[in-house]
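Good morning, and thank you for coming. Please look at the model on the screen while I go through a few of its local features.

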Amino acid sequence: MSIDAGNLLGWFDLAERDLPWRADGVTPWQILVSEFMLQQTPVARVLPIWSDWVVRWPTPSATAAATPAEVLRAWGKLGYPRRAKRLHECATVIARDFADVVPDDVEVLEQLPGIGSYTARAVACFAYRKPVPVVDTNVRRVVARAVQGRADAGTPSAKRDHADVAALLPDAARAARFSAALMELGATVCTARAPRCAACPLRSCAWRDRGFPPGSAAKRPAQRYAGTDRQVRGRLLDVLRDNAFPVTRAELDVAWPIDEVQRERALASLLDDGLVERLADDRFALPGQDRNDSTASR
DNA sequence: TACTCGTGGAA
DNA sequence: TTTCCAAGAGT
């Protein structure tokens, strides 16, 4: 089964969310920034961060001129701070090697830091209107249901997923908007939990035709967060973000006093990721931040 | 392929 | 309260 382009696009014309990175005049770089922020992160949480960010650093070179510390602070608690580091690196490469112009070629984009299969295609499609398949978790779910008649998408497979979506794309003139519409449908109607089938605009759906068979119960154990290294890293970074000057080990210790071994492991991984810097006096700071403080002189 | 990597709101 | 999961990337 396929998806009728006119059917989906007609719905999108009426139901498209008014997201700021979709507005006229938003540059490819600013769209790229939105895609970094939206990786595994809900739209509602990205909105305020993105709005401030693109005003402060409207171009790759402006972003590259900032310190990693400034970028990490602006990222705030958006999560996965390695994304912020990679966005900064990505800006540096584009400013230096691409004359401050975001590439429009998928294969070139994929070589940039923090840009993978999805983001490369999203930028090519949304910023440059290229008719390339854009496959995210929403698209995979919509295709699994409407086309394949299954409740959930299978294990991701870039090659197969791209082929599945490429087969659905209409003519090149409408392909980019079709991809945006497919994502939008998955994000707002054909959702993972409690899909709103009564509001679905699709006239054909293989999953519905089969009587909505449930997904296979073989799900991976729910991801836990409390007590994980991720939480410890988050606590440590939280301390560093909140301090304009370098902090001592003792100040980090209180962020996770329970388990010293785990705390050291988390700190080592942050250093390894380039998200934290160790100074010669054994204090710690966000990379590139001011090293002076009021206590150093007395 | 499977696992790590944050965060917080909704059910 | 616990569970789910939200425009993925890198290894």
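Arg-129 sits in the loop between α8 (117-126) and α9; helices here are DSSP runs of H or I with at least four residues, strands are runs of E with at least two, and both are numbered from the N terminus. Although Arg-129 is not a glycine, it has a positive phi of about 55 degrees. Its relative accessible area is 47%, so it is partly exposed; buried means under 20% relative accessible area, exposed over 50%, and partly exposed in between, with a 1.4 Å probe and protein chains only.

Before I continue, a word on conventions. This is a predicted model, in which local features need pLDDT of at least 70 and side-chain atom pairs count only at pLDDT 80 or more, while totals for chains, interfaces and linings use all residues. Residues are numbered from 1 along each chain as its sequence is written, chains are lettered from A and ligands numbered from 1 in the order in which they are written, and side-chain values use heavy atoms, with hydrogens and water left out.

I turn to helix α9 itself. Of the 11 residues of α9 (residues 137-147), 10 are buried, so the helix is largely enclosed by the rest of the structure. Among the buried residues are Arg-140, Arg-141 and Arg-145. What covers them? The cover of the buried residues of α9 includes α10 (158-166), α11 (172-188) and α12 (206-209). After α9 comes Gly-149, with a positive phi near 75 degrees.

Next, the DNA. There are 17 residues around DNA strand B, of which Arg-45, Tyr-80, Pro-81, Arg-230 and Arg-233 come nearest; a residue is near a strand if one of its heavy atoms lies within 4 Å of it. By class, this surface has four nonpolar, five polar and eight charged residues. Here Ala, Val, Leu, Ile, Met, Phe, Trp, Tyr, Cys and Pro count as nonpolar, Asp, Glu, Lys and Arg as charged, and the others, Gly among them, as polar.

A polar side-chain atom of Arg-45 lies 2.4 Å from a base oxygen of DNA strand B. Gln-40 places a polar backbone atom 3.2 Å from a base nitrogen of DNA strand B. This glutamine belongs to the loop between α2 (28-38) and α3 (43-56), and its phi is positive, near 60 degrees. At 68% relative accessibility, Gln-40 counts as exposed.

Which helix supplies the largest share of the surface near DNA strand B? It is α13, with five residues. Within α13, Gln-231 is buried, with a relative accessible area of 14%. The Gln-231 side chain reaches the backbone nitrogen of Gly-227 at 2.6 Å.

Finally, α13 packs against helix α15 (residues 260-272) at an angle of about 70 degrees, with the axes 9 Å apart. The axes are lines fitted to C-alpha atoms over the stretch in contact, and angles run from 0 to 180 degrees between N-to-C directions. The two helices are therefore roughly perpendicular, a description that covers 65 to 115 degrees. On the α13 side, the contact is made by Asp-229, Val-232, Arg-233 and Leu-236, where contact means heavy atoms within 4.5 Å.

Conventions:
A polar contact is a pair of N or O atoms within 3.5 Å; within protein, one must be able to donate a hydrogen and the other to accept it, and residues adjacent in sequence count only if both atoms are side-chain atoms. Angles under 35 degrees count as roughly parallel, over 145 as roughly antiparallel, 65 to 115 as roughly perpendicular and the rest as oblique.
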